[in-house]
Structures are given as structure tokens and as C-alpha cells.
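This report describes a protein chain for a reader who is new to structural work. Please keep the sequence and the structure in view while reading.

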Amino acid sequence: GQRIAILSAVHEELAEILQLMPDEQPIRLGGRSYWRGHLQGHEVVAVLSGIGKVAAATTTALLIERFAPEQVIFTGVAGGLLPGVEVGDIVVGSALVQHDLDASPLFARFEVPGYGRSRFQPDLALSQVLHAAAKDAVTWLPKLLDPEVLRAMGLHSPSVHQGEIATGDRFVASEADSAALRAALPEALAVDMESAAVAQVCHDCGLPFAVVRTISDRADNQAHVDFPLFLREVARHYSARIVRKALNLL
Ligand code: ADE
């Protein structure tokens, strides 16, 4: 078994994973609870980062310093940006960019000063494991979820995508905002508020990192309705299913 860190932003994304750990014990550090225990034969530390880039970065830095994980996985929800990235689909990140970072004209828009780049690439092998786990999850989830919920959310046969995820300190909740993101970052499949921050810290520390996100909303005028409903009814089933399968494959 390896020492694997599982991060999520909010409780609903991590709740079921904690329930799967038979022996988890919380350790308080920097205002977070780091849950140490076992899952699928691996030593696991699971932690809620809270929402946003700063919360995600501090949580990741303390996680690495205190618990020395060998691999870092972020699991949670995201808003779909490109057409065809629908509620209930899963996105495995292949590049992480901060859509709200702009030090122009000193640096190109989106470039992270001091790094000579605007994107961080996750670990390929770990991402492939998450992709395989996501493929497995989407075949099971429609059978596991309450048919009422499936109908209410319009989920039918979810797909798995692999591509760029854009991160920023903004909940994207209008057509205008998501159209602007599509124009600025035409490759970005989805938008979230943590992944690129975690990717940057893991890059700094030379640690393998990968991210898997379930689409909770389309980052449009309905996002403020879809997002809480998805979090309440669906998110926990996805993240538990994906993470359990991924740890099985590792
Ligand atoms: N995470 C889930 N939905 C999101 C959205 N619309 N904007 C930013 N982060 C999100």
C-alpha cells in the first residue's frame, strides 16, 4: 500500500469516503481536520480544503509537510464549460490553469509569475487510474442513484472526459461569465475553485497529483440551483465510487 492523500473542497464530496475508512482519526492542523486511516489497503489521509485557491493551497502545503503523502488526489465537483460537458459527466484534469491570474503586461495573461508557464500538468499514470475509475463509476451510478433524483437532474448516460480545467476564486453562475471563460480559455472543459492551486503546490514539492471532478452544473444562470442540489443528492456517491475504484487500481 501507498500513502495517498484525498482532498475535497466541501463536506458532501468527502463524506462517503470517510465512511468507507474503518479507522479514521482526525488531526487538527491549520484550521483543518486531516483524517488519517486506511482505505483499500492504502494508508490514506483525507482532508477538506475549504473553497478557493488560498484555502486549497494552505491545506495542501500543510498536508505535504505534516503527512508526507506519496500521491495526491483531488475529488469534487466542477461547472461544465464546453458544450457536451453535461451535469453528471466526469472530467479528469489533463492541465490546470488559473483563469483569474493576470499579471499582464509584465507576464502573459494566465502565466504564473516565476514559473514561465500558465499550466500545470497532473501526473499521467495517476490520471489514467482516475480515468479508469471514472469509467467504471459512470457505468454503475445510474443504477445506484434514486430514479427521482436522476430525472430531476436530467442525468441519463454520463460520459468521462479528459482535458483542461480552469480554476479561479469565483463561482461562475451566468451565461455571460462562462462565455467569457470559453473565449479566453477555449480548451477548458470545466471550471472549479481549487484544482490549479493544489497542482501548483504539488509541483513545487515534486509530488504526483491528479484531479477528478464531477459536473454539478453548467456554470450558467441555473448554476446556483443545480450546484447545491447536486452536492446534496449526488456528489458523495460519485466521489466515493471513483476513489474506491482508483485505490483498488493503485
Ligand atoms: N464548482 C462547481 N460548479 C462551479 C461553478 N459554476 N463555478 C466555479 N466552481 C464550481
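Glu-194 is buried, with a relative accessible area of 3%. Here, buried means under 20% relative accessible area, exposed means over 50%, and partly exposed lies in between, for a 1.4 Å probe and protein chains only. Glu-194 belongs to the loop between β9 (188–192) and α6 (195–205). Helices (H or I, at least four residues) and strands (E, at least two) are DSSP runs, numbered from the N terminus.

The model is predicted: local features need pLDDT of at least 70, side-chain atom pairs count only at pLDDT 80 or more, and totals for chains, interfaces and linings use all residues. Residues are numbered from 1 along each chain as its sequence is written, and side-chain values use heavy atoms, with hydrogens and water left out.

**Surroundings of Glu-194**

Which residues does Glu-194 contact, leaving aside its neighbours within four places in sequence? They are Ala-9, Ser-49, Gly-50, Ile-51, Gly-52, Ala-56, Phe-74, Thr-167 and Arg-213. Contact means heavy atoms within 4.5 Å. The C-alpha atoms of Glu-194 and Ala-166 are separated by 9.2 Å, and these two residues are 28 apart along the chain.

**The chain as a whole**

The chain contains eight helices and ten strands. Its radius of gyration, taken over C-alpha atoms, is 17 Å, close to the 18 Å that the globule rule gives for 250 residues, so the chain is as compact as a globular protein of that length. The globule rule is 2.2 Å times the number of residues to the power 0.38. Along the principal axes, the C-alpha atoms fill a box of roughly 50 × 45 × 30 Å. Of the 250 residues, 54% count as buried. Among contacts between residues at least 6 apart in sequence, 78% join residues at least 24 apart.

**Nonpolar cores**

A nonpolar core is a set of buried Ala, Val, Leu, Ile, Met, Phe, Trp, Tyr and Cys residues joined through side-chain atoms within 4.5 Å. The largest one has 74 residues, and those with the most contacts inside it are Ile-6, Val-72, Ile-90, Val-198, Phe-209 and Phe-230. Helix α3 (residues 124–144) supplies the largest share of this core, eight residues. A second, separate core of ten residues includes Phe-110, Ala-166, Leu-181 and Leu-185.

Not counting residues up to four places away in sequence, Ile-6 touches several residues, including Leu-14, Val-45 and Val-243. Leu-130 lies in helix α3. Leu-130 and Ala-183 are 53 residues apart in sequence, and their C-alpha atoms are 28 Å apart in space.

**Backbone features in loops**

A cis peptide bond, with omega of about 5 degrees, joins Ser-104 and Pro-105. Pro-105 lies in the loop between β6 (90–98) and β7 (119–120), and Phe-110 is also found in the loop between β6 and β7. Ala-219 lies in the loop between β10 (209–217) and α7 (223–233). Phe-110 has a positive phi although it is not a glycine, and Ala-219 likewise has a positive phi without being a glycine. The table gives the values.

| Residue | Phi | Relative accessible area |
|---|---|---|
| Phe-110 | about 80 degrees | 8%, buried |
| Ala-219 | about 55 degrees | 1%, buried |
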